[in-house]
Amino acid sequence: MDKEGKDLKKRKSILMDLWNDLITMWENNSQKVTRQYIIERLKNEYNKEKISPIKGASDPKDIFDKEMASLYVLGKYGMGLEVQYPDLFDSIFGQEIKMDQVNEILLSDNLDGAKDKILAIVGDINGNSIAKIMRLGLTKEYFGFIDQKTVVKLSESLRKAFPVQKNEVNKYMRFYAAFKISKAIDDGIVRNRITKEALKQALAIELNIDKKDMPRDKYIIKIATDVFNIPQKLLRHIFIYNQGKKSENKKDRN
């Protein structure tokens, strides 16, 4: 999907402007640049521009702490700032750096000892850490620094290294599928029910998700509305749904 949607353009602009401000502050007085300060700035900028963090159907209290992954990914892979400001990254993005190290382990050709290496980095693996590991992969793919196949490999390696967390990985991949469909609507690739269903079937195969486990339309609509600000008129054209009907989709949460 080479076409860049409105959300991606706007999000990139906000994050790059924020990075420019942070670099100026860091060079003048680095002690003022703390993780909590940046989280508040990120929250304010998103709210001002009516941009939502990347998220599923729920609104966790630490969502902007998680959204720091977007600032990290764009700063490191898009702007090359980690090379220029390693102390800033070490000071602010300790969590994201750890998740990046885990991503590198999981994407290597040899997974021997992967479990022990990952546990040495993160300390414990649970639903929250699985989501953080996968979130970094999703964010990289969203900004165009890796492809979908790499995200799939990440999920498969996680299942192999931590089979007990298989359900958590599957839950995140269901969110990823809904996110991909929502983005395709924002990009102008999906414009009607036929193209939506075609993409949904293709993603089931590409992401190795059983068709019965693919995200339901109500969950996709939620993400398309909350994260991508897709107009309801367009969503009604793509999806057949009753806005007054209660959600049937309790399992689709992230």
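## A helical model and its nonpolar core

Of the 81 residues in the largest nonpolar core, the ones that touch the most other members are Trp19, Leu71, Leu88, Phe93, Phe179 and Ile185. Helix α11 (residues 166–186) gives this core its largest share, eleven residues. A nonpolar core here is a set of buried Ala, Val, Leu, Ile, Met, Phe, Trp, Tyr and Cys residues joined through side-chain atoms within 4.5 Å. Buried stands for under 20% relative accessible area, exposed for over 50%, and partly exposed for what lies in between (1.4 Å probe, protein chains only). Helices are DSSP runs (H or I, at least four residues), numbered from the N terminus.

Before going further, please keep in mind that this is a predicted model, in which local features need pLDDT of at least 70, side-chain atom pairs count only at pLDDT 80 or more, and totals for chains, interfaces and linings use all residues. Residues are numbered from 1 along each chain as its sequence is written, and side-chain values use heavy atoms, with hydrogens and water left out.

Which residues does Phe179 meet beyond its neighbours within four places in sequence? Phe179 is in contact (heavy atoms within 4.5 Å) with Ile54, Leu138, Tyr142, Ile223, Val227 and Phe228. Ile223 and Val227 turn up again beside Lys55, which touches Ile63, Phe175, Ile223, Asp226 and Val227 when residues up to four places away in sequence are not counted. Lys55 sits in the loop between α2 (35–49) and α3 (63–66). Is this lysine, Lys55, buried or exposed? Lys55 counts as buried, because its relative accessibility is 7%. Its side chain also makes a polar contact with the side chain of Asp59, at 3.0 Å. For such a contact, a pair of N or O atoms must lie within 3.5 Å; within protein, one must be able to donate a hydrogen and the other to accept it, and residues adjacent in sequence count only if both atoms are side-chain atoms.

Ile223 belongs to the buried residues of α13 (217–226), together with Lys218, Tyr219, Ile220, Ile221 and Ala224. The cover over the buried residues of α13 includes α11, α12 and α14.

**Helices side by side**

Two packed helices are described by the angle between their axes and the distance between the axes. For helix α1 (residues 6–28) and α2, the axes come within 11 Å and cross at roughly 145°. On the α1 side, the contact is made by Lys10, Arg11, Ile14, Leu15, Leu18, Asp21, Leu22 and Met25; on the α2 side, by Tyr37, Ile38, Arg41, Leu42, Glu45, Tyr46 and Glu49. Here axes are lines fitted to C-alpha atoms, for helices over the stretch in contact, and angles run from 0 to 180 degrees between N-to-C directions.

Buried in α7 are Glu96, Ile97, Met99, Asp100, Val102, Asn103, Ile105 and Leu106. Glu96 is also touched by Asp65, whose contacts, not counting residues up to four places away in sequence, are Arg35, Ile39, Gln95 and Glu96. Asp65 lies in helix α3.

Leu158, in helix α10 (residues 148–161), touches Leu106, Ile130, Ile133, Met134, Pro163 and Val169, leaving out residues up to four places away in sequence. Ile125 is in the loop between α8 (114–122) and α9 (127–142). With the same exclusion of residues up to four places away, Ile125 touches Ile118, Leu119, Ile130, Ile133, Phe162 and Gln165.

Here are some accessibilities for residues in this report:

| Residue | Relative accessible area | Class |
|---|---|---|
| Leu158 | 0% | buried |
| Ile125 | 8% | buried |
| Asp65 | 18% | buried |
| Asn229 | 45% | partly exposed |
| Asn208 | 48% | partly exposed |

**Positive phi in two loops**

Most residues other than glycine have a negative phi. Asn208, in the loop between α12 (193–206) and α13, has a positive phi near 60°. Asn229 has a positive phi too, of about 55°, and is placed in the loop between α13 and α14 (232–238).
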